[in-house]
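Visitor: I would like to learn how to read side-chain contacts in a model. Could you take me through some of them?

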Amino acid sequence: FSCNLSDLLCSFLGLLYQEYRDKSTREEIETRRLQDSQTDPEETSPSEETPSEAEPTSTIENKAPPQINLLRNSNSRFNLWQDLPEVQSSGVLSILQPDEIKLQEAMFELVTSEASYYKSLNLLVSHFMENERLKKILHQSEAHILFSNVLDVMAVSERFLLDLEQRVEENIVISDVCDIVYQHTINHFSAYITYVSNQTYQERAYKQLLQDKPAFREVISQLELDPKCKGLSFSSFLILPFQRITRLKLLVQNILKKVEEKSDRESTALDAHKELETVVKACNEGVRKMSRTEQMISIQKKLEFKIKSVPIISHSRWLLKQGELQQMNGPKTSRTLRTKKLFREIYLFLFNDLLVICRQMPGDKYQVFDSAPRGLLRVEELEDQGQSLANVFILRLLENADDREASYMLKASSQSEMKRWMISLAPNRRTKFVSFTSRLVDCPQIQCVHPYVAQQPDELSLELADVLNILDKTDDGWIFGERLHDQERGWFPSSMGEEILNPKIRAQNLKECFRVHKSDDSQRRKLGSRNRQ
């Protein structure tokens, strides 16, 4: 970059993107906590106070306010658009409507966060990738896997930031940014898909290098200690592009919630959001594809079929859940319950389109004795049946491997494990609370205050400030939730979040969510269908 607004933005921020993002999400959490504690969620927080008398926004368009000179502000704190001296001295704050000021803040955050992100990317390249000692240690192929196409991603960010800066320089009141987001998403953001799709290889290569090359481990540790990195790890820099593309979608959502309905700015925000959603989905699919294929190959090798063999490996098949359950030996068995124990272990592999029921054999092998298409499974919970039948449910195969109906009485190790199996086996089964997509009830909501990384396929990874509808919960501390911004579903520990108690805030969250996704009702139906799978 030349010495222009981009450099000024970076020096103005003084924050690496990891710090910026963490501070932003934590402020979002605190704002929501404050709103939740208020009796009237419409009350304006102190930082958003504006004069009560306001004139229409259009009156500002004929003015020629000064350009923002961020060089004068060397403060490294997290700044608001309205805090800029140029904004305060221009008099626009007494002219703009409060809602327009909130919109300006949302657009300004998108610009400043991109500058912070570019600063962190630049450090990844200049401090780590181009380090001479590191270059000598790594083979060219290792460096390629580790850093992938990060130079392309940085070039994309640079081009994007230049256009955003040019827009900010045009007028102290930002006209729009989502039209720029849209153009760059359709023309340049495919570089993100390439980078993120390499993530599985990247993580594996990094772990292997740490293990096999002490010199690599030593250099990385020394580079991480440099004050430039502000105590942040090398891996936190590698994951930046994936975090950014996801966050960018949320920043556009935030703008979309604040623009006037049926306006041109709403139209461009909807277009930008739709294209970003496509890129984020492609990124997620890219990450999953390799790990899923490897997992299917591994499972195939472990299975031995007592029945007619079923081909396991398929490009459209992936594992949803696996694990041991206890099968009850019912009265129809040839032996009495006195001579045979009440339950015996079975092992289930549940895929998105198929259930395989096995018995575990020595040597990490599994003998398959029954199977059924996932769409032909039904479940039923047994309640108040005494301690011996606690956490027991009935699994019905409407058409099993022998083309007949079969039933299994299965016992799980806990209430949460039983519910998790039941929801995975029969996703169309009604949950305790109705999904927000039905628009029928005031569904309980929770906001994430601790990040969570999914440990099982049926779990949901959470980011700070995520808001989710609670669809089901267990007495032993697990929640089945649906995230509002992308409708992804999964289980997570209840200790990761705080329930949103104010019904007005819950209603506001739902209203904003419907608005974000209103551009394509058919897309919502597709999303709902995918969630049930």
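Visitor: Let me start with a single residue. Is Arg247 buried or exposed?

Guide: This is a predicted model, so keep that in mind throughout. Buried means under 20% relative accessible area. Arg247 has 10% relative accessibility, so Arg247 counts as buried.

Visitor: Which side chain does Arg247 meet in a salt bridge?

Guide: Glu28. The N to O distance is 3.7 Å. Glu28 is partly exposed, at a relative accessible area of 27%.

Visitor: How many salt bridges does a search of the whole structure find?

Guide: The search finds 32. One of them joins Arg33 and Glu30, at 2.4 Å from N to O.

Visitor: How should I read the spacing of Arg33 and Glu30 in helix α2?

Guide: Start with the general idea. An α-helix has 3.6 residues a turn, so residues three or four places apart point the same way. Now the case here. Arg33 and Glu30 are three residues apart in helix α2, so about one helical turn separates them. Arg33 is partly exposed at 30% relative accessibility. Glu30 is partly exposed as well, at 44%.

Visitor: What links Lys321 and Glu417?

Guide: A salt bridge of 3.4 Å, N to O. The pair links distant parts of the chain.

Visitor: Which residues do salt bridges with shared partners join into one network here?

Guide: Lys321, Glu417, Arg420, Asp458 and Glu459. Lys321 has another contact to look at. Its charged end sits over the ring of Trp421, 5.2 Å from the ring centre.

Visitor: Which ring does Arg359 lie over?

Guide: Arg359 lies over the face of Phe369. The distance to the ring centre is 4.4 Å.

Visitor: How is a pair of aromatic rings described?

Guide: By two values: the distance of the centres and the angle of the planes. A search of the whole structure finds 13 aromatic pairs. Among them is the pair of Phe128 and Phe237, with centres 5.6 Å apart and planes at 45°, which is tilted. Phe128 sits in helix α4 (residues 98-129) and Phe237 in helix α12 (residues 234-238), 109 residues apart. Phe128 is buried, at 0% relative accessible area. Phe237 is buried too, at 0%.

Visitor: What arrangement do Tyr206 and Phe216 have?

Guide: Their pair is edge-to-face. The centres are 6.1 Å apart, with 75° between the planes. Tyr206 is in helix α10 (residues 199-212) and Phe216 in helix α11 (residues 214-224), so the pair ties together parts ten residues apart in sequence. Tyr206 counts as buried at 14% relative accessibility. Phe216 counts as buried at 0%.

Visitor: Which residues form one aromatic cluster?

Guide: Phe128, Phe147, Tyr206, Phe216, Phe234 and Phe237.

Visitor: Where is the kink in α14 centred?

Guide: On Lys289. The kink is about 25°.

How values were computed
Residues are numbered from 1 along each chain as its sequence is written. This is a predicted model: local features need pLDDT of at least 70, side-chain atom pairs count only at pLDDT 80 or more; totals for chains, interfaces and linings use all residues. Side-chain values use heavy atoms; hydrogens and water are left out. Rings of Phe, Tyr and Trp (its six-membered ring) pair if their centres lie within 6.5 Å; planes under 30 degrees apart count as stacked, over 60 as edge-to-face and the rest as tilted. Helices (H or I, at least four residues) and strands (E, at least two) are DSSP runs, numbered from the N terminus. Buried means under 20% relative accessible area, exposed over 50%, partly exposed in between (1.4 Å probe, protein chains only). A charge sits over a ring if NZ of Lys or CZ of Arg is within 6 Å of the ring centre and within 35 degrees of the ring normal. The bend at a residue is the angle between axes fitted to the seven residues ending there and the seven starting there. A salt bridge is a side-chain nitrogen of Lys or Arg within 4 Å of a carboxyl oxygen of Asp or Glu.
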